[in-house]
Protein chains: 2
Amino acid sequence: MTPKHPVLFVGAGPGAADLLTLRALRAIESAEVLLHDSLVNQEVITLAPPTCRLVDVGKRGDGDAYPQGSTNALLAQYARAGHRVVRLKGGDPSLFGRVEEERRYLEERGVETITIPGVTAASAAAAQFSFSLTERDVSRRVLYLTGRAGGGAVCLPSAALLADAQTTLVLYMAAHVIGDIEAAVLRAGRDPRTPVLMIESAGAEEGRAWRGALAGLTDLVAQARARGPSLIVIGDVAAHARGVEDVAALVRQSAA
Amino acid sequence: MTPKHPVLFVGAGPGAADLLTLRALRAIESAEVLLHDSLVNQEVITLAPPTCRLVDVGKRGDGDAYPQGSTNALLAQYARAGHRVVRLKGGDPSLFGRVEEERRYLEERGVETITIPGVTAASAAAAQFSFSLTERDVSRRVLYLTGRAGGGAVCLPSAALLADAQTTLVLYMAAHVIGDIEAAVLRAGRDPRTPVLMIESAGAEEGRAWRGALAGLTDLVAQARARGPSLIVIGDVAAHARGVEDVAALVRQSAA
């Protein structure tokens, strides 16, 4: 049977419910089944109707995450049963959201899909801490990278991609490999004094940011002891961020 | 006198009013003065209250754009007069939005600012045409570039930044320098058959997209004859876009 409704891939935005788009809100409010990752803000999930079935595909009963194949199968199964299915992804589904795998699986089985974009964590972090990702004559470009690779191994781009002083680097899900990243960016020849930001829970009310220099990024990340999702920014634009703790203050605090 | 209200830098999103965030909508609905660029969707501007003073800083009476200095001065003047001022920017203010210049001008004069992020055109385009900006094992990274430079000259990054086949390139405001870009990316050694997309008015209902190959991108852009703002995507992820016209069809059409 052809499903009555397309599966909606919806960007949940970066953490605060009022950073959802109006289109995303409408989709969530009419969901009959909602599959979400563990990182999606609880406040966003509760916007679904009380009768909506919620499935946390980031966690199974035994504490492990669902394998991708199970998520794909669940999406197809609910859609074929005629439900309005929302697949909620943190931030923007098209950026490190692995939406392509789920979309392809569904379309090969005759299930249509529609994607609703969201505000990505980098945009939310820049807004929250009043800096710009690009800045005329300072940083003309921005490169979004992730520390999460297919097989769990670190996958760093070539030195040439990391070296350019006019490119802001934004690292998603990279705190666990930050030692490798700091070393690679320094080895590529970037100034050790380049300002960096470590941002926790970008966009959420409890979001915080720490500033330091590239040489020392690994220590900065360790000392920040972030519990929420982290985002790391490397580049001169970080110098202009407001409302952040600088690393010297942080060191004093942990020594006290 | 210290202004009563901070100036709000608000991301208008990529074109459709329902791609605004809830926070942005609330800011626009309580604006007393709204300064916007010419590219911001008219539908979004009309969400401001009927009593709100609208200023199109992209156009003066004589058809030219306001110089940046005038926009800065207007923002400070309205804020000091005690008004709730919204500075509306297309897409996300932190990405190619030149928000830093305005923010610094205001803060130096004791005017506080708050930024509200938005969905950027790249995310909207990916959602609208069902492709992903990053894709596991295909494109691990994405580089946002602009064709607009400080002095009007083309400013291209080094070949190394353009060469990596695992990096999706997204070009904002670059249609006018597309010949230089095609040449530079080819010279950097990227496969001439790399799929490319030329997207017009990403996110808007009238949004359209054309697909071709890197060798031929300049012709593709010329034949598309886009009237709305354009976005160009270079990378293997473009192969998976749906709902786009392929360039062969376009050539047939213009020959007919």
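Which residue in β4(B) does B:Val33 stand opposite? I looked this up in a predicted model, in which local features need pLDDT of at least 70, side-chain atom pairs count only at pLDDT 80 or more, and totals for chains, interfaces and linings use all residues. Residues are numbered from 1 along each chain as its sequence is written, chains are lettered from A and ligands numbered from 1 in the order in which they are written, and side-chain values use heavy atoms, with hydrogens and water left out.

**Entry on β2(B).** I found B:Val85 opposite B:Val33. Strands are DSSP runs (E, at least two residues), numbered from the N terminus. I noted that β2(B), residues 33–36, pairs in the parallel sense with β4(B), residues 85–89, over four bridges; pairing requires at least two DSSP bridges between two strands. With β3(B), residues 53–56, β2(B) also pairs in the parallel sense over four bridges, and there B:His36 stands opposite B:Asp56. I then checked the faces of β2(B): B:Val33 and B:Leu35 on one side, and B:Leu34 and B:His36 on the other, are all buried (under 20% relative accessible area, 1.4 Å probe, protein chains only).

**Entry on β8(A).** I recorded that β8(A), residues 195–200, is largely enclosed by the rest of the structure, because six of its six residues are buried. A:Pro195, A:Leu197 and A:Ile199 point one way, and A:Val196, A:Met198 and A:Glu200 the other. β8(A) pairs in the antiparallel sense with β9(A), residues 208–213, over six bridges, where A:Met198 stands opposite A:Trp210. With β10(A), residues 230–234, β8(A) pairs in the antiparallel sense over five bridges; A:Leu197 has A:Val233 as its bridge partner.

Key
Buried means under 20% relative accessible area, exposed over 50%, partly exposed in between (1.4 Å probe, protein chains only).
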